[in-house]
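Thanks for coming. I will take one residue, then the contact between two chains, then an annotated span.

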4 protein chains.
Amino acid sequence: MKAFKATFDAAFEEDTRGLARAYSPFIGEEVNRFVHIHQGPEDLVAKVKLLRKLSHKVGTCFQRCVGWDALNTLYIVTGKIAEREGRKEYFNRFLEYLKYVQRRDLALAGAMTDVKGVRTLRPSEQPNRDAYVHVVEERADGIVVRGAKANITGVAVVDEVVVMPTRAMTEKDAEYAVSFAIPLDTPGVKVVVGRQLNDARRLEGGEIDGLPYAFNHEGLLILDDVFVPWERVFLYKDWRWASQFVEIFSNYHRQGYAGCKSGLGDVIIGASYGLARRLGIADKPHVQEKLTEMAFLNEAMYSAGLAASWEARKLLRDGGWWVNPMYANITKHLVARFPYEISRLAHDIAGGLLGTAPSEADFRNPELRPLLEKYLQGVPEFPAEERLRLLRLLENTSLSVAYLIESVHGAGSPQAQRISIQRIYDLQRAEAIASRLAGLKAEAPADAKAEPHRPAEAER
Amino acid sequence: MKAFKATFDAAFEEDTRGLARAYSPFIGEEVNRFVHIHQGPEDLVAKVKLLRKLSHKVGTCFQRCVGWDALNTLYIVTGKIAEREGRKEYFNRFLEYLKYVQRRDLALAGAMTDVKGVRTLRPSEQPNRDAYVHVVEERADGIVVRGAKANITGVAVVDEVVVMPTRAMTEKDAEYAVSFAIPLDTPGVKVVVGRQLNDARRLEGGEIDGLPYAFNHEGLLILDDVFVPWERVFLYKDWRWASQFVEIFSNYHRQGYAGCKSGLGDVIIGASYGLARRLGIADKPHVQEKLTEMAFLNEAMYSAGLAASWEARKLLRDGGWWVNPMYANITKHLVARFPYEISRLAHDIAGGLLGTAPSEADFRNPELRPLLEKYLQGVPEFPAEERLRLLRLLENTSLSVAYLIESVHGAGSPQAQRISIQRIYDLQRAEAIASRLAGLKAEAPADAKAEPHRPAEAER
Amino acid sequence: MKAFKATFDAAFEEDTRGLARAYSPFIGEEVNRFVHIHQGPEDLVAKVKLLRKLSHKVGTCFQRCVGWDALNTLYIVTGKIAEREGRKEYFNRFLEYLKYVQRRDLALAGAMTDVKGVRTLRPSEQPNRDAYVHVVEERADGIVVRGAKANITGVAVVDEVVVMPTRAMTEKDAEYAVSFAIPLDTPGVKVVVGRQLNDARRLEGGEIDGLPYAFNHEGLLILDDVFVPWERVFLYKDWRWASQFVEIFSNYHRQGYAGCKSGLGDVIIGASYGLARRLGIADKPHVQEKLTEMAFLNEAMYSAGLAASWEARKLLRDGGWWVNPMYANITKHLVARFPYEISRLAHDIAGGLLGTAPSEADFRNPELRPLLEKYLQGVPEFPAEERLRLLRLLENTSLSVAYLIESVHGAGSPQAQRISIQRIYDLQRAEAIASRLAGLKAEAPADAKAEPHRPAEAER
Amino acid sequence: MKAFKATFDAAFEEDTRGLARAYSPFIGEEVNRFVHIHQGPEDLVAKVKLLRKLSHKVGTCFQRCVGWDALNTLYIVTGKIAEREGRKEYFNRFLEYLKYVQRRDLALAGAMTDVKGVRTLRPSEQPNRDAYVHVVEERADGIVVRGAKANITGVAVVDEVVVMPTRAMTEKDAEYAVSFAIPLDTPGVKVVVGRQLNDARRLEGGEIDGLPYAFNHEGLLILDDVFVPWERVFLYKDWRWASQFVEIFSNYHRQGYAGCKSGLGDVIIGASYGLARRLGIADKPHVQEKLTEMAFLNEAMYSAGLAASWEARKLLRDGGWWVNPMYANITKHLVARFPYEISRLAHDIAGGLLGTAPSEADFRNPELRPLLEKYLQGVPEFPAEERLRLLRLLENTSLSVAYLIESVHGAGSPQAQRISIQRIYDLQRAEAIASRLAGLKAEAPADAKAEPHRPAEAER
């Protein structure tokens, strides 16, 4: 809840106000950046910079990126349908919805990942027909949808949720090619919040063990025959456009990980350094080496995200600024690996007490407290409580769903990035380059104008 | 508790009985291997094989290795003092204690790691004089000790605890060079059990979320002026022998990690494979690649431990079988790295639901249950509950203190292994080898009989 | 030589003309980009893009980057001395030299790395006074310098060489704080070209084994009492500015590695893919995984370089566009690791024949040729000679000084980047972020305006 | 040649005599271990220890292991055919051949890898019928064979070559299921020696650049209708036994890599340390870290090989001692990765001069020599020539076919090990272990007697 609130506070706090606001040409005034449609590469750069700063404030996922990326995705996909096919209805509906959201600064979840049933089957082939969200009834005033979306970030706290298709579809899957927005309190919507590591400790309250800083919600969104009025339907059985949804959304979201996860990395590096100082080892060469390695890995993730932003591309005639898909995938693929390495190094520096530190209750126990203060203290100028607090913070960031599991699976699991990288990287072009150098006669010279890697065209 | 109990059950269960028992020449009968003094390389090999199997039974640390390694360490150190210096008192006391322990199959904790205060200062230089356990009074019938030992595995469940010095000492540190054994209920002993990830969930009860399988205890042992009778004192101000304690104990313990952590690795690989089957992806090439990589990393740790065992050395005239220190360090250093990689791969296979799966309470809720059974099911022949159970098991093994933090810090943090490796590996010998090949005239030929790496002599 | 020539040809070839030329405000006309002073972030981005493309044309280092980076460094350092201290002489001399170079499109080497003698001693402390290049005589018309510079890229083919100091200096080192430019045929200049892997094969001639594509020169530049006229002296005993030289130059050069090494990576990936096709294994899942991993590593290096370029900073009032030093260091540190991994994967795909393929002479032998054509052929549509050519290309790129050793040591060895990363990354700021989250009372809140990482100020 | 000779010298040199000789029960006397049939785990351990020491003497591959492993493979395979099928002819022939080889201490090459044509096709499916070695004619006195074997180590120097099938076969492939031994000078045998990195330098002669230490031969063996008498035929169209050949041989050979490659690692670590001392940086923490990392990686490979040896298994009633296949595969898979990492670290320590050091000719040039001696010297007590010699040694070991490409592809490429690991590691058993812990009802309890990993049965 606190994490979520930070996305609103950021627009008013001195250090983030500049990044957290942006001018919306749609309503002609400043909006919270979390509901902004990117107007150029600078906006995409501002996104990753803002996310890094927000991670510093909350120490976990702040849960509004998915909805934000969903808005930008809808803007492009509905805009493209208008441009390519002349069908402007979706686009107009979306613009109305966008203004509604921007004016109220609504918090949105984005829901893409279906529960999927048997992973190797298409939606229409599933034994469970509801394994993917689909239309079960068409009415004059709207549609009725059924299914469930998994791993939905922020699902317990947002105002509305934007639902999108999760994969490329064929004609047979048409009823599954559906996108819409609904308030969370719509009849038929059921939310099952998932467990997070250490979640039960929160009930203990307490300033230290109650995890007063870091918690986010992710969960299952069940749509149990939910009615959606036409003005909130942004894709309806247009199965040809489903793959675009996925590609555009997922690359937006992959880019964003550069910001939030490097921000969490800063928290982890900072806690590790703070602990090293309290143990008196901050200047030891091997500790310095580890801190430097952590910073290196952290900045490597971040720099890829900056490249994905600066090398943005414009997908609509009048905007539709999207990330560079190759570097967005590189970003996320680095994020899917490096946090485990950073956590390992943090644990190394923090010492074994990270796994055996006493509870806050024991620490507050008047009989034990003097002994714990005496024996948990390292360098005398730092009270033992500081060490305990930093250990608990490090435990709950370096071993959190937000930092580890989300880094692997958010915005698509690692294999999804590998498939993207494989598709974008032009092996034929690389072979032509090598063939020319090796003096192969038969090989036609590579097209002199081709890029070293031909970017995936969203327009395909 | 269950984990701990397994060490006793193993001696009676069909699949482990052979490994879990051994003949003790000290009392002339079979004993539980966890109180056995190794009689040859085969015993050391049996240790790692037993530990791997026990991990399969409990899914966490079973908490008796430290005490076992402490017994073997005391056997060698007191034995060496007797052999080298003719002082047989420690050795005789220890043998009496050993028989006492073997006859009763007592569970022992081993306590080595002091709280250490300022890490860069010796015990006698600390601002807090009690930062290392030390003798505060000598009496006719025994000694009084004060201090605290951290990260003590099994501290809440054992019968007795064996205390050992944690580092090399100088003459000024003599009062800190002390080793002894005490029952846990000795006056002045205070135990503060540390928190474990997800510990609070256990209070919820429940078959799934209550973590019915895996839990171990680690914590802080405070010795608040505790009296120890002379017959339980195994080292007293003999500061010259402190470094031997550390070296012998830590290498025993480093070897053992080959068994318990690869056993946990089997659990994690098995849970990942089980989940992959329930998602219908077990045969996908990238999933097969990941499972194979996990098996590779797991068996690499194990094979180093086997080498450390088979290449054992004899430190006493009539026994004192110790591990090969180089390979014991290699084992532990691999263990300090690979589990994070194995966990990452497990999370990759398991899918994002690992971080967002619903609670058992929600799953038991009669209204939600049919929906959850419907939407959490993958391949139809497996009920959703199996998936939930495997996810929860994977969460609580792959993200546990036992598998991650203990793998980094147990038996000494990674830097301790690096220092050992650096000391054992003979750089001068390697330079001589290279110099001869390069035709360097000046370089004296390397001693033709020297080993490629000269083993650390415990006798130093 | 061919590699070097490519830098001139690029300005005329269709696919690189756009990137390879730039408008110079100093002479008011288009120049070869290799002598251009960067006028904004776009120029820095163009640099890495050009370098990647040139690597495709030559398959090795093209040897003009160092001189180019030296020009831009001199522009900033002499410009700063003018701005800060009002001493405009160096700047004016440099501008004259720049115009001279731009008008003639001169090829420059940059010489920074001294031979250094005992690495742990400063220049003035060395037993060999000439271990660093220094002034041995001051004359009315110029100075006389002595010493040697090591690892000088392109030293055998350039027109002139720009000499720069290699480290921070103290007042005692003043005579070593010297920068100047000289034609390579100046009296007293001696060049000793170093060996490259497989260099002797070139003498065999031959289209395949004679390495007709890839060769670069690196070597030792000895300055045996060389006279330099004042108009070519750009720093003279101004020891306080020596560290700036190093920092500004090395970060320019670190950024550049994103381009040239990812370009070589494309060649290696292309050769691997070409070989996989000839073996009939290009579609095997494990081969696809390896190719994707190579592309991922390659693009990760490149994306960091793009970030270093786009996040450029302006160091002079009217220009002096420099790279972002954090991301430049990240770039180079990735480059110091990933090529070994890429080479390993390439070797894996290529098969063992990479190390055992017959010589061109054997292949041309009329008796052997039919047998070799028969037995070295994989998939029938590709002649065996193509496979042999690709193997030889892969050998001489994936196991080359340019791809491996230069990637480790160019622009400073890995430890130099680590020191930079450690200095730039703000650990105090990170600790403050963590402390605030952990609720530490004592910790002053971090300066709200500070950047998550405070960039190294060249102005220090 | 020198490398090869070392295998004979070892039997007489003081430091290796013990390891290099063994008692052969077949001829009742001591033999060179390189023609010995292993009589127990100790012999397998002695193998890896001997290979490590021999690497120290030669700095490259010594080329007799393949033939040695081929002998032990033939012993088991022909022995099994005798035991299982009662056909003793192959076994008797082999024993005669073995005695012949042992009495003469013959040097053997082993030839397994066929040229293979299209990799995805079986021998009988190839467009080129000769892509695998096969029988083309059966005569009264023997057979005629045709085909070619690639990557044959030592092919230019051995006395005889033992040919074995390279893959599992079906009945249609029967003519390809053939094993035999022939002297290298048999009519129709053609050898094409492959190129090695820097091979052409050898022609320069010279003590430094002429690579007086390290060179090995690998190449292509062409069998152009070669006659083999029946007494040298050890398998003839018995296609069912082909897969055993591969599995038994390759695991023997995988185990051996623990010795030879860790021995090369010692040379590389020693050269790096020697260079660090000459630069005055041997005590710098980051250099110590790198040397320790190299030692760690090197000993990890070695320890896996020891485990593969100690955990040997007996495949025949009266012997046939084979390695543990899981650990043999772990060994080789570590070897397929770590040498690239060790080389990278070596290059890091050695400095950029590794890639730019002058030629011996320049160093011998009387005019240049004083300058080179002056400028290449680091720490004064070491002459510059020592540094040059160590650099050249490091170049020719750390960037050699023997250390890199052979480490990837020798004894089967990495994918072959992965397939073996996947087959040996029992995923079903691991799932059963996890299922029991997770409380899955449906899952049958794992067979209590099953091994944690069920070893591959060669007997299948």
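A:Ala46 counts as buried because 21 C-beta neighbours lie inside 10 Å of it, and the cut-off for buried is 20 or more. Keep in mind that this is a predicted model.

Where in the chain is that residue? A:Ala46 sits in helix 3 of chain A, which covers residues 41-58. Leaving aside residues up to four places away in sequence, A:Ala46 touches A:Leu19 and A:Arg33. Of these, A:Arg33 is 13 residues from A:Ala46 along the chain, and their C-alpha atoms are 9.1 Å apart.

Now to the contact between the chains. How many residues does each chain put in? Chain A gives 64 residues and chain B gives 64 residues. On the chain A side, several elements supply two or more residues each. The strands are strand 5 (142-153), strand 8 (189-193) and strand 9 (218-229). The helices are helix 9 (338-350), helix 11 (369-375), helix 13 (401-409) and helix 14 (414-424). Which of these gives the most? That is helix 13 of chain A, with six residues. Sorted by class, the side of chain A that touches chain B has 30 nonpolar residues, 22 polar and twelve charged.

Last, the annotation. An unreviewed UniProt entry places "domain: HpaB/PvcC/4-BUDH C-terminal" on residues 242-439 of chain A. In the model, that span is 74% helix and 4% strand, and its end C-alpha atoms lie 44 Å apart.

Conventions: Residues numbered from 1 in each chain as written. Chains lettered and ligands numbered in written order. Predicted model: local features only at pLDDT ≥ 70, side-chain atom pairs only at ≥ 80, totals over all residues. Buried ≥ 20, exposed ≤ 12 C-beta atoms within 10 Å, placed from the backbone. Contact = placed C-beta atoms within 7 Å. Nonpolar A, V, L, I, M, F, W, Y, C, P; charged D, E, K, R; others polar. UniProt positions renumbered as here; feature names shortened; annotations may be inferred.
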